[in-house]
Structures are given as C-alpha cells and as structure tokens.
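Subject: Structure handover

Dear colleague,

Here is the structure I said I would pass on. My notes on it follow below.

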Amino acid sequence: MNDTGKDTAKDTVKFAGRAAGAASPGRMEPLGVAVVGAGYWGPNLVRNFQSSPEFRLRWLCDLNIDRARKVLGGYSTVQATSDYTAVLADPAVEAVAVATPAGTHLDVALAALRAGKHVLVEKPLAATYEDGLRLVTEAESRGLTLMCDHTYCYTPAVGRIREMVRAGDLGEIQFFDSVRINLGLVQKDVDVLWDLAPHDLSVLDFILPENVRPVAVAAHGADPIGAGQSCVAYLTLTLNTGAIAHVHVNWLSPVKVRTTMVGGSKRTLVWDDLNPTQRIAVFDRGVDMTAPQEIGADERRDMLVSYRSGDMVAPALGEKEALRSMVEEFAAAVRTRRPALTDGRSGLQVLDILEAASRSLEFRGAVVGLRTGR
C-alpha cells in the first residue's frame, strides 16, 4: 500500500468537500471537465459534475452519440460527441472522467494525460496491474492528478471508519471481514472477484493505518452453474502485522448482504450498508489477554484469557451522496496539487490484489505474494 501524501490530507475526508471549499478562494472559476462514456456509470458522473460548483461539464463523449444526447437531455448546453480527439483538443477541458469498460481505460486515460488533462477513472483503474502502473507513471511524470473512483470510500460511513481506525479508537487491527453477496448480475467478461471485490479491497486500503498493508493473498472460487468463471469466491489477505482480512463475494445468494466487520484490540466495528438507521455499530466487547508475568504461576492456566462485554455505540452519520464527495475530492486534489485520497496508487493496490487472487485461483488457493507487499 502506498499512502504517501494521504495522511497529511486525511482530515479532508471530513469530508473532501471541506478541502475543495478551502481551495476555491484561490480560483473561483469552475474546472472544465469532460465525461467519456454514457453507459451505466457515466450518467451518474454527469449528474454530479453538473451539480458541483467546482466543475463545468463541457462534453459528454460516447461512441453512441444518440445515447450521449439522451443522457444530457434536449435542453442541455453540454456538447455531445463521439469524437474523443475533439474533446482532448479543447483547451477549456482541464479534466477528463473515464467511465468506459475496464479494457479501454489504458488507452482513454493515457491519451488524456498526454493531452495535459487531469484524469478520474472509474474502478478498476485498468484491466491489468501493468496498465495501471503505466497510467500512474505517466501522471506523476507530468504532474497531473490521477484519481480512481472508489466510490464507497466517500460514503459518510467509510469516512467515519477511517477516522476511527487511524485515530486508534479500535486499537490494533486484528481482523477485517467483509461480505458482499446478492443474486446476480452474472458477468460475461469477469469473475465475481473482479466484479465485486474491488469495492471491499478499496475500502480496506482506504481505512488501514499507513504502517499496515496486505502482503499476500489466497483465493478460492467455484462455478456451480457453469458460467465459465467463478460465481462464488472467498479471498483471504495476510497483513504485515500478522492480522488477516477476509472477503466473501457471491452472485448466487438469494439475499443481499453488505456487511463489514473491523476487529481491533480495543473495540470491534460493524458496518451494515443496508441498514439506513444504524449503518455503524461499535462494540466494546472482545477478548483480553493477560501477560504471564502479571499473574502467579498457579493462576496462569486459567487467567491468560478474559472476555470483555461492554456497551454498543452507534455513531451519528451525516447524509451526503458519495459521488458528490468524490467529485469534490477530485477538485481539491487538482487545485492543491496533492494526491487524491483514492489516487492512482490506491487503484494499483487493488489491481495487485486482484491479479494475485486470480493466480491463487489457478493454483487452487495457493498463497501468492503481492508486489506492493514487498
């Protein structure tokens, strides 16, 4: 994991908009932005860029220009086009948001960076780690912002989890356990790990303290319906501290579950993303260990382990759309020239884990070391 520059900006997660607002007095005019891709995710970006005072949406580019025009509506002043070259040639475009299939991310984002544009890319950053590294290297060599749209990291719940973990409120992290299961949609081009796990892996990368990182992964998957790729998968990460992180993803579950548990030496936190009335619960319950030298020889066998059962607290969370916070963070990173909270290297971390998990699946669950864990 590479958190360089992130800790200095971590308080901006309270939340991203504060940083964007702080940067605005230095330059009041909005940043010109173009969205590339009018399919599933593009319209969400269009809506949030249009509603943000930090940006002025100038272009929506899609190979299907009729689809782009439909997204914009009949009265929009935003230009619709299928000509990406024209978008990049426009000096009023300072930033490009890429919402195209992952296999095209390298070409689309690389062209924007070479044209001198700041770039936001929807997850995953690229189709492979090597492609992602090319984008990161290009952006850094040109002094441009490269940000990955890890949307869940900008929810109020995950922002609070990050604050608590990094403030030491939970103590030393002992385990991370995430379940993301539902019925469908079975993808044709990627397995369930590449489809669903990036959400959980990006959250893990986002909340862990700077000195804690994954170093290896083992993955198990199954294709009980003959879809041609894993539809159910379990991924276990070894952290450099000896703790473990576990992710369960599943396209075949009859019920939808979105829960994450973060266990620490002091407290354990449970995040239920499907519970709007209590998304986060913090439990002062757990297991305490007594050092052998602190008790007598006759008592050691029975008193090494004790159980703690305290209160449960449900912190109040503000309500703000995650994509709005993400857009504000993009503006703040561009204006202040600092790394975004989910920068290109965060996207690389996720790609590293996904590729290692795929290799582990090929070798029936073998433990595979991570590049970023070396």
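This is a predicted model: local features need pLDDT of at least 70, side-chain atom pairs count only at pLDDT 80 or more; totals for chains, interfaces and linings use all residues.

Helix 5 covers residues 105–114, and it is largely enclosed by the rest of the structure because seven of its ten residues are buried. Those buried positions are His 105, Leu 106, Val 108, Ala 109, Leu 110, Ala 112 and Leu 113. After helix 5 comes Gly 116, which has a positive phi, near 85°.

Next, the nonpolar core. The largest one has 106 residues, and the members that touch the most others are Leu 45 and Phe 49. Helix 8 (residues 192–207) contributes the most to this core, with ten residues. If neighbours within four places in sequence are left aside, the contacts of Phe 49 are Val 33, Val 35, Phe 55, Ala 97, Leu 120, Val 327 and Phe 330.

Leu 45 and Phe 49 also take part in a helix-helix contact, as residues of helix 2 that meet helix 10. Helix 2 (residues 42–51) packs on helix 10 (residues 322–336) at an angle of about 65°, and the two axes are 10 Å apart. The crossing is right-handed. From helix 2, the residues involved are Asn 44, Leu 45, Asn 48, Phe 49 and Ser 51; from helix 10, they are Leu 323, Arg 324, Met 326, Val 327 and Phe 330. By type, the residues of this contact are six nonpolar, three polar and one charged.

Two single residues are also worth a look.

Leu 351 is part of helix 11 (residues 344–362). Its relative accessible area is 0%, so Leu 351 is buried. Apart from neighbours within four places in sequence, Leu 351 is in contact with Pro 124, Leu 125, Ala 126, Thr 128, Tyr 129, Gly 132 and Trp 194. Leu 201 is 150 residues away from Leu 351 in sequence, yet their C-alpha atoms are 9.4 Å apart in space.

Thr 155 sits in the loop between strand 6 (146–149) and helix 7 (156–166). Is Thr 155 buried or exposed? Thr 155 counts as buried, because its relative accessibility is 13% and the cut-off for buried is under 20%. The side chain of Thr 155 also reaches a backbone oxygen, that of Tyr 152, at 2.9 Å.

Regards

Note on methods:
Residues are numbered from 1 along each chain as its sequence is written. Side-chain values use heavy atoms; hydrogens and water are left out. Helices (H or I, at least four residues) and strands (E, at least two) are DSSP runs, numbered from the N terminus. Buried means under 20% relative accessible area, exposed over 50%, partly exposed in between (1.4 Å probe, protein chains only). A polar contact is a pair of N or O atoms within 3.5 Å; within protein, one must be able to donate a hydrogen and the other to accept it, and residues adjacent in sequence count only if both atoms are side-chain atoms. A nonpolar core is a set of buried Ala, Val, Leu, Ile, Met, Phe, Trp, Tyr and Cys residues joined through side-chain atoms within 4.5 Å. Contact means heavy atoms within 4.5 Å. Axes are lines fitted to C-alpha atoms, for helices over the stretch in contact, and angles run from 0 to 180 degrees between N-to-C directions. A crossing is left-handed if the near helix is turned anticlockwise from the far one by less than a right angle, and right-handed if clockwise. Ala, Val, Leu, Ile, Met, Phe, Trp, Tyr, Cys and Pro count as nonpolar, Asp, Glu, Lys and Arg as charged, and the others, Gly among them, as polar.
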